[in-house]
Amino acid sequence: MQAISVIISVYNRLDYLKKALISIQHQSVLPSEVIITDDGSQEPIVDVVQELVPQFDFRIKLVIQEDRGFRLARCKNNGIRVAENDFLVFWDQDVVGTRRYLETYYENWKPGMFVVSYPVRLSEAQTQRLTEADIRQGDYSHILNKGQLKKIRKQFKKDRFYFYLRKFILRNDTRPKLRGGIFAISRAALLKVNGFDERYQGWGNEDDDLGRRLYASGVVGFNPFYDQFPLHLYHPPYHTNGQRANQKYYLKRQQEIKAGHYRAEYGLDKTFGEDDIKVLEF
């Protein structure tokens, strides 16, 4: 079995990080390592991770960059750089999964593909009802409603349609889309496009951009998640600072990508910023 690296990008809300780690620990297959890549949390992340480590059967690495605003693209690249394995699963800190969620990524990935899921978005009340025992069991049937399950299966069917539409008819289509905190891919595919584009600073567009560059490079998306899925825990929305600048840059890059320039200038091989990165292993 190929070893798995799970990459979790984090900024504060360490109670949610704990839930994500518990969910990973109780998956049907385990990663060999989990990389927590931090965007400069003000909460005491080193102390919290040290306290949690004895609960888990996988290695944990903690990568910390300075807090210079919302730099999720660089944060995720930091995680890719220190990952030891070729098979990478991106798992947001505010996500927990059903029992075979991680296994579904592994079973369905093939070279030249990224595997992507679609989340059930929990309400505030549902999130408050969620217990650690629920997360360990990976069974959320008593929390979810029929409409939420129906939406997951509807998206599965749409994404399957898009996959075959691209394969046989619309060769330039870029669906199913990449969803940045709930997908799996090989390191080789990310190296091909130079990872996330670190010019995206502030909220939004870094995952859409990566998805389009992957499609341009010949890497296609696939969604196999019908009865296994991630749950997104409720939280107040992030500030959208930088969204307008990101959107402007995104539109510019789409024209360049169409012309064949799908590698990020600032990515895995050249960072956008000179601040120090701290790497801790537990």
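Let's start with one side chain, Arg-136: Arg-136 is partly exposed, with a relative accessible area of 34%. By that I mean between the two cut-offs, buried being under 20% and exposed over 50% (1.4 Å probe, protein chains only). Before going on, a word on what we're looking at. This is a predicted model, with residues numbered from 1 along each chain as its sequence is written. Local features need pLDDT of at least 70 and side-chain atom pairs 80 or more, totals for chains, interfaces and linings use all residues, and side-chain values use heavy atoms, without hydrogens or water.

Back to Arg-136. Which residue does Arg-136 form a salt bridge with? The partner is Glu-132, and the closest N and O atoms are 3.2 Å apart. A salt bridge here is a side-chain nitrogen of Lys or Arg within 4 Å of a carboxyl oxygen of Asp or Glu. Both residues sit in helix α6 (residues 132–137), 4 residues apart, about one turn of the helix. Helices (H or I, at least four residues) and strands (E, at least two) are DSSP runs, numbered from the N terminus. Glu-132 is partly exposed as well, with a relative accessible area of 30%.

How many salt bridges does the structure hold? There are 23. Take Lys-61 and Glu-84, whose closest N and O atoms are 3.1 Å apart. Lys-61 belongs to strand β3 (residues 59–65) and Glu-84 to the loop between α3 and β4 (87–91), so this pair ties together parts that are 23 residues apart in sequence. Is Lys-61 buried or exposed? Lys-61 is buried, at a relative accessible area of 4%.

Lys-61 has another partner to show you. Its side chain makes a polar contact of 3.1 Å with the side chain of Glu-33.

Glu-103 and Arg-100 form a salt bridge, with the closest N and O atoms 3.4 Å apart; Glu-103 is buried at 16% relative accessible area, while Arg-100 is partly exposed at 30%. Then there is a network of salt bridges that links Glu-66, Arg-68, Arg-71, Arg-74, Arg-81, Glu-198 and Asp-275.

Now for the strands. Follow β6 (residues 113–116) with me: Met-113 and Val-115 point one way, Phe-114 and Val-116 the other, and all are buried. In a regular strand the side chains alternate between the two faces of the sheet. Strands count as paired if DSSP finds at least two bridges between them. β6 runs parallel to β9 (residues 220–222), joined by 3 bridges, and pairs with β8 (residues 182–186) in the antiparallel sense over 2 bridges. Val-115 has a bridge partner in each: Phe-222 in β9 and Ala-184 in β8.

There is also an open sheet of 3 strands, in the order β5-β10-β7, with mixed pairing. Which are its edge strands? They are β5 (95–97) and β7 (120–121), each of which pairs on one side only. β5 runs antiparallel to β10 (residues 230–232), with 3 bridges between them, and Val-96 stands opposite Leu-231 in β10.

Finally, the pockets. A pocket is an open set of points on a 1 Å grid over the protein atoms alone, where a 1.4 Å probe fits, with protein on both sides within 12 Å along at least five of seven lines; lining residues have an atom within 4 Å of a point. Of its 37 lining residues, Phe-70, Leu-72, Asp-92, Trp-203 and Tyr-238 are the closest to the centre. The elements giving two or more residues to that lining are β1 (4–10), α3 (72–82) and α9 (206–217).

The second largest pocket has a volume of about 210 Å³. Its lining includes Arg-166, Arg-171, Arg-212, Tyr-215, Gln-254 and Lys-258. Here α9 and α10 (243–258) are the elements that give two or more residues. Thanks, everyone!

How values were computed: Grid points are joined across faces, edges and corners, and a volume is the space filled by probe spheres set on the points. A polar contact is a pair of N or O atoms within 3.5 Å; within protein, one must be able to donate a hydrogen and the other to accept it, and residues adjacent in sequence count only if both atoms are side-chain atoms.
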